[in-house]
Amino acid sequence: MAILTGAALGEPAPGVAEPGGQVHAGQAIGRIWRAIRSNKKAFAGAILLAIFAFLAIFPWVIAHDSPEAEIYGRSLGPSAAHWLGTTSYGQDLFAQAVWGTRETLIIAVVSGALSTFLSVIMGLAAGYLGGVADAVLNFITDVLLVVPTFPLLIIIVAYLPGIGVPGLIAVLVVTGYSYGARQLRAQTLSVRSRDYLEAARVRGERSIYVIMVEIIPSMTSLIVATFLGTAVYNVLAAAGLQFLGLGNPDSVSWGTMLYWAQNNEALQTDQYMWALVPGALIGLLGAAFALLNYAFDEISNPALARVPITRTRGLNPVVRRLRANRAD
Amino acid sequence: MRTGQTERLDTGLAGRTSGPVLEIRDLSVSYQTKRGTVRAVEDVSFDLASGEFLGIVGESGCGKSTLLFGIAQLLSAPAVLDGGSVMFEGVNLVNLSEHQLASIRWKKMSLVMQSAMNALNPVKTIGAQFTDAMRAHGVSSKAEITERSVEVLRMVGIDPVHLRSYPHQLSGGMRQRSMIAMAMLFTPDLVMMDEPTSALDVVAQRSLMVQIKELQQQLGFAIIFVTHDMSLVSHFSDRLMVMYAGQVAELGATRSVFDTPRHPYSAGLLDAFPSIRGPKVPLTGIPGSPPDLARPPQGCRFAPRCPKVQDRCKTGPVQLYHVEDVLVRCLRAGNGVSSGD
Amino acid sequence: MRFLLRRAAFFVLTLWACVTLNFLLPRLMPGNPAIALLAKFHGRLSPVALKAIEIAFGVNTNQNLASQYVSYLHDLLTGNLGTSLTFFPTPVSVVIRGAILYTLGLVGVTTILAFILGTLIGILGAWRRGGWLDSILPPVFVITSAIPYFWVGMLLILVFGIQLHWFPYDFAYDPSLSPSLTFSFIGNVIVHSILPAIAILITSIGGWILTMRNTMITTLAEDYVKMARAKGLSSRRIMFDYAARNAILPNLSGFAMSVGFIVSGAVLVEFVFNYNGLGYLLVQALDAEDYPLMQALFLLITVAVLIAILLADIITAILDPRTRSAR
């Protein structure tokens, strides 16, 4: 589980706001949509997400069996009746995989959104208020940043046995907001001194106005990137926790599927599908978010985008097209 | 597009090599962008005599820096050399490989860039960066390296103790001068400078220019000096080249171009800097903005902004005309009409 | 020097914050978990042991929070981490000592390897832009870094362990052997750690490659690289001395963040492979509700991460002279 943003820690993302100009929210969103369509990676990620979203909202469309009913034959291999086989409790694996999308996606999206929201507030407050408030908020964020999140999650969740999805989300949000907060704070600091904000202040606009109308739209792509990065991480973290048996083992999600698979020694007993499919799905969902995230990096930092025609070897363009070389 | 005959002016300077140091012919550079091919430099030709000081002026985006890097073979993607030749002391640099270029680089031809803070490696000492350059060209004895490093720093008036300093520890002016010192390491025949004074305050600018001119007179190298500040460079240059939209607009002896500009653009540039001692004149600028070089206009590129534009200016490309001792890309000059009318 | 002092101060401050967090957490939870614990162990532990737990967790004591805190800190500083409930009556510190080397070896070595390899590949990818390496790298590694560590582990177990029988996939060493400093034992340990190491390597290297590539690309566009070319320096010298040395600096600070992630992933990997290091111990403690052991492990892991970050800061100070100047 690694961090994929190309921006250096704590430095504002280059090219996020146009130099010397304001960015309106509508403009930014339109730009983002066009960028998604044109970038192959972003497009692939978006399609994957759309498929998962469909499965989460309408699972009954392609999965006809109930995921929890333990009525089928036990530990069956893949067949026409059960596309992925069954568990050792006689549950249909395919149904579980499809229905499990819902809980996993809910965790990812809700915790990602809340975490991003918290990041925005903390980052903006620290950057905008400055002084003691900044120092205190910054310290809290920095501590949470370096404390290894997963062990912390384990400890907290261990003290709260049987924690449900809302509790899991809450814990994920509190421990995970710090990375985004740090980046947003850095961006706020750099944007705060720009001329058009000075102009707004001189005009007498209130701080809230300045923040809502001027600062936040200029950080749109950073906020989106934070959301995507946090979503990836939370998917993996939540799955990891459920895999270890924390969280509610009776719920239907990919993480709990893995938990039961591990408990029943699925790998050693030739029940490959049970062990591998949920993990693969988690990876795919994470990959969808990660692809979108990486594509946004390219969009906000044009230097990283695919070089149109020239290839380079080291620092030199490999292709040098010369017209007729006339020496007078 | 054909150019007129290019000129080789005898400036009377005691150059170190016979024959021109540089002969540029029809140099063109373009960029590949999403919007298409941008022709940043189009068919530029000129000669540079040994020991000559050529100033290249123009507004931002006119292609002067691109031209410089095109000559030095230092273009980076997505810029591509589109055509033309760069004869440096008789050798066409365009055809050389990186390896062959490396032996010419710095020894015969060096470079000074705009911001020393960006052009110097922030994690290496000044001395280490001097050493790099010398080692790359076969100087291996530590004593020799130190001796030469001290010598060039003294030349620009910096205490040699700063060989052990990092770039961020020096003041802006000192950084800039140490960059110039670095360029002097092998006393090259040509030093190219890309806006070396633009990052400095006015006083430091002046003293740096004086220093550069002194060094040139001492060591006899040729200089190409790119800047947007026409008045600054005209005090020191032998010849002046005005660029607009990737093309040469006017090229000639500094006094001629400065005192009687024949291209309306040059005239406009000069009018934007009224003399501090002259009569009071209303401030003028040049209305409008430079053309989009992905889709350059059909006729004269300055026509949309020219105060003296005529219908024929918009029909076809304009070549360089020979007027007395300057070259002008203006149809009016071609008819012997000065741009003052 | 001021930079290092500041980082050292941060280290101490964060350490204090984590220690305090560790102290406060069980006491903040609704219904002190120690109470449930006491109920569970009621018939099985001596009254003395039960009393010790009560004191450690602040249940039924007459001390107020402040004095509990002081005795907690005192215990920590004297190395008294409590008694493990799973391995009763072994003290926690002894339990940990048995497992720490395996984790240090596995996670420490793999992390450093991933960082070095990832950085080198990233440099190469940036150097040859537009080539096949550059077009394949980003999408492939973006995807591999999103794959859960434990899934890669499971896959490796399946393919190389169960199917091909190339490597062992259970425990840190053959359970029939007893730990000793002999070559055969150490060799056994190494063989057992190959699959887990590969799992960690595969998933973590992607991040390093991509971030290094991205920072290299930005650095290669800098003026001082152009200047280095103008001086006629060799490509290799430009790539390493001018470009990479500057490009790696933001990566080093990102290292601080990533160590936390790698440690997290290592916990799961150890679990999947039954690799008896600290992570596995943590999960065991979890299952048995062995709070003293869990707390101690969490603290230890946090300290290890903080130390790694401090080391990265020291290396940054060595490499970047700008941090050494007074700010």
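How many residues of chain C are in contact with chain B, and with how many residues there? The count is 20 residues of chain C against 23 residues of chain B. Contact requires C-beta atoms, placed from the backbone, within 7 Å.

Some housekeeping. This is a predicted model: local features need pLDDT of at least 70, side-chain atom pairs count only at pLDDT 80 or more, and totals for chains, interfaces and linings use all residues. Residues are numbered from 1 along each chain as its sequence is written, while chains are lettered from A and ligands numbered from 1 in the order in which they are written.

Now, strand S3 of chain B, residues 53-57. Helices (H or I, at least four residues) and strands (E, at least two) are DSSP runs, numbered from the N terminus. Buried means 20 or more other C-beta atoms within 10 Å of the residue's own, exposed 12 or fewer, partly exposed in between, with C-beta atoms placed from the backbone. Five of the five residues of S3(B) are buried, so the strand is largely enclosed by the rest of the structure.

Which way do they point? B:Phe53, B:Gly55 and B:Val57 go one way, B:Leu54 and B:Ile56 the other. In a regular strand, side chains alternate between the two faces of the sheet.

Next, the neighbours. Pairing takes at least two DSSP bridges between two strands. S3(B) runs parallel to S8(B), residues 222-227, with five bridges. There, B:Leu54 sits opposite B:Ile224. S3(B) also runs parallel to S9(B), residues 239-244, through four bridges. B:Val57 has B:Val242 as its bridge partner in S9(B).

Notes. Two residues are in contact if their C-beta atoms, placed from the backbone, lie within 7 Å.
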